Amino acid sequence: MDIYLKRRRGKILLLLIAILIGVSSLLYTHWLTDKMAKEERKKVELWAEATKELIDAGIEVTSPEMERLNTNYLNFLSLVATQNTTIPIIIIEEDGSFNIDANIKYSEERRQEVLKRELKKMREQVEPIPIELSENNTQLLYYSESSILRNLRYYPFIQLFVIIVFILVAYFAFSATQRAEQNQVWVGMSKETAHQLGTPISSLMAWIEILKLQNVDETLINEFEKDIERLERITERFSKIGSKPELIHIDLVDALNSTVNYLKTRSSNKVIFKTSFSEKDEIKIPLNAALFSWVIENLCKNAIDAMGNNGTISIDLHKKENQIYIDVTDTGKGVPKSQFKTIFQPGFSTKKRGWGLGLSLAKRIIENYHSGKIFIKWSEMGKGTTFRIILNK
C-alpha cells in the first residue's frame, strides 16, 4: 500500500511541477509582453513625431525624395520613419479617410477593404496617437502589436501544451513498462512456485503409500490424499499463469458448489456460507474450473480475514441476457472507496502478511483469461463488501 501511495504522490508532484512551470512561464511572458508593448508604443509615438516633422518640412513619408535628404536632422527623421518594419500602422485624416499605412499586406484593389478591417481591430486594441499638423488638421495614428509580440503572447500556451503532452506520454510509457515488468515478475514467480511444489508433492505421495503399508487409520490417509490433491490443483493453477488456459463448457454451479464445500471444511464454524443456487441448477459456460475456483477461494479467504473468522459470506448467482453475475458478499470491515481500484494492483495488501497477489491474479484470470469483469460493487466501512464477477455465456 505504501508503494502505491508513494507512486500517487509522485504523480501529483509531477503534475504540480508542470503547473508551476506553466504558471511561471505565463507570468514571465505576461510581464515581458507588457514591457514590449510599452516599448512598441514609444516607437510608434516616435514614428508619429518623425512623420509630423517630415510633413511639416513638406516631404511625403512615402516619397523616394525622403531617402535623398541632405540635412542631418531630416536624415534622422527619415531613418526613424523607415526603420519600422514590424508594427502595423494606419494614419487617418479627420474625415476618416486613409492617409498613410505601413507593414500591412494587401493588393491595391483590396486596399480599402483590408485597411478597414485592420483599423477596426486596432481601435479595439489601443488608444490612437494624435498627430497635430496644424490647429485645424489633426490626424490619428492607429497601430497593432507586431507579429513578434503576438507570437510571444502565444509562446507560454504552446510551451504548457508541450509540457503536458510530454508528461502524459512519459506517464503512459512508464505505466506500460511497469505493468509489463510486473507481469513478467508475477508469471516467473508463479511458474517457479509450481516447479518447486512438484518435488515435495511427489515425496508426500510416496510417504502415503508407505503409510498404507503400515496399516494407518484409513481416515487419516484419505485426508492426506485430499490435501495432496489440493496441492496438485494449486500447482496446476500456478503453472497456468502467463499462458492462455483452455476454456471448456462446464457447469458453473457445480464449480461454485465444489469450491464452497471445500472452503466450508477448512473454515471456522463461526463462518457461515450462504448460496442462492442449488445443485439442481445448471449453467454451462466456457470456463477453466481450476483457475475460476482459485478466484472464488481468494475472494472468500479475503472475506474471512476481513470478518476476523466470524461472519457470513453470501454467494449469489443470477443471469441477465447473455451474462452471468456472481456476487460474493461478506460482513467484514469494508473497503474505503479510495482503494476500489488499487486493491486489484499487484503488491497491494492491507495485511501484515502476504504479497498482495491474490486479487491481482483474480483480476487477470477473470478479465484476461475469461473476458469477464471483476470489481467492487458495494462496500461500506464496518458493514461489509460485495465483489461482483461478470462472465459471458
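Mentor: A crossing of two helices counts as right-handed if the near helix is turned clockwise from the far one by less than a right angle, and as left-handed if it is turned anticlockwise. The model is predicted, and in it the crossing of α6 and α7 is right-handed. Helix α6 covers residues 252-265 and helix α7 residues 289-307; their axes lie 10 Å apart and form an angle of about 45 degrees. That angle makes α6 oblique to α7.

The contact itself is made from α6 by Leu 252, Ala 255, Leu 256, Thr 259, Tyr 262 and Leu 263, which meet Phe 292, Ser 293, Ile 296, Glu 297, Cys 300 and Lys 301 of α7. Sorted by class, the contact of α6 with α7 comprises eight nonpolar, two polar and two charged residues.

We turn now to the charged pairs. Side chains of opposite charge can pair when their charged atoms come close. The closest N and O atoms of Arg 266 and Asp 227 are 3.1 Å apart. Arg 266 is partly exposed, at 37% relative accessibility, and Asp 227 is likewise partly exposed, at 36%.

A second pair joins two strands. Asp 327 belongs to strand β9 (residues 323-330) and Arg 388 to strand β11 (residues 384-392), so the parts tied together are 61 residues apart in sequence. Their side chains meet in a salt bridge with an N to O distance of 2.8 Å. Here the cut-off for buried is under 20% relative accessible area. Asp 327 counts as buried because its relative accessibility is 5%, and Arg 388 counts as buried at 13%.

Lys 212 and Glu 209 are both in helix α4 (residues 147-213), three residues apart, or about one turn of the helix. The side chains of Lys 212 and Glu 209 form a salt bridge at 3.6 Å, N to O. Lys 212 is partly exposed at 35% relative accessibility, and Glu 209 is partly exposed with a relative accessible area of 45%. Finally, salt bridges with shared partners link Glu 209, Lys 212 and Glu 225 into one network.

How values were computed. Residues numbered from 1 in each chain as written. Predicted model: local features only at pLDDT ≥ 70, side-chain atom pairs only at ≥ 80, totals over all residues. Heavy atoms only, no water. Axes fitted to C-alpha atoms, helices over the stretch in contact; angles between N-to-C directions. Helix = DSSP H or I, 4+ residues; strand = E, 2+ residues; numbered from the N terminus. Parallel < 35°, antiparallel > 145°, perpendicular 65-115°, else oblique. Contact = heavy atoms within 4.5 Å. Nonpolar A, V, L, I, M, F, W, Y, C, P; charged D, E, K, R; others polar. Salt bridge = Lys/Arg side-chain N within 4 Å of Asp/Glu carboxyl O. Buried < 20%, exposed > 50% of the residue type's maximum accessible area, 1.4 Å probe, protein only.
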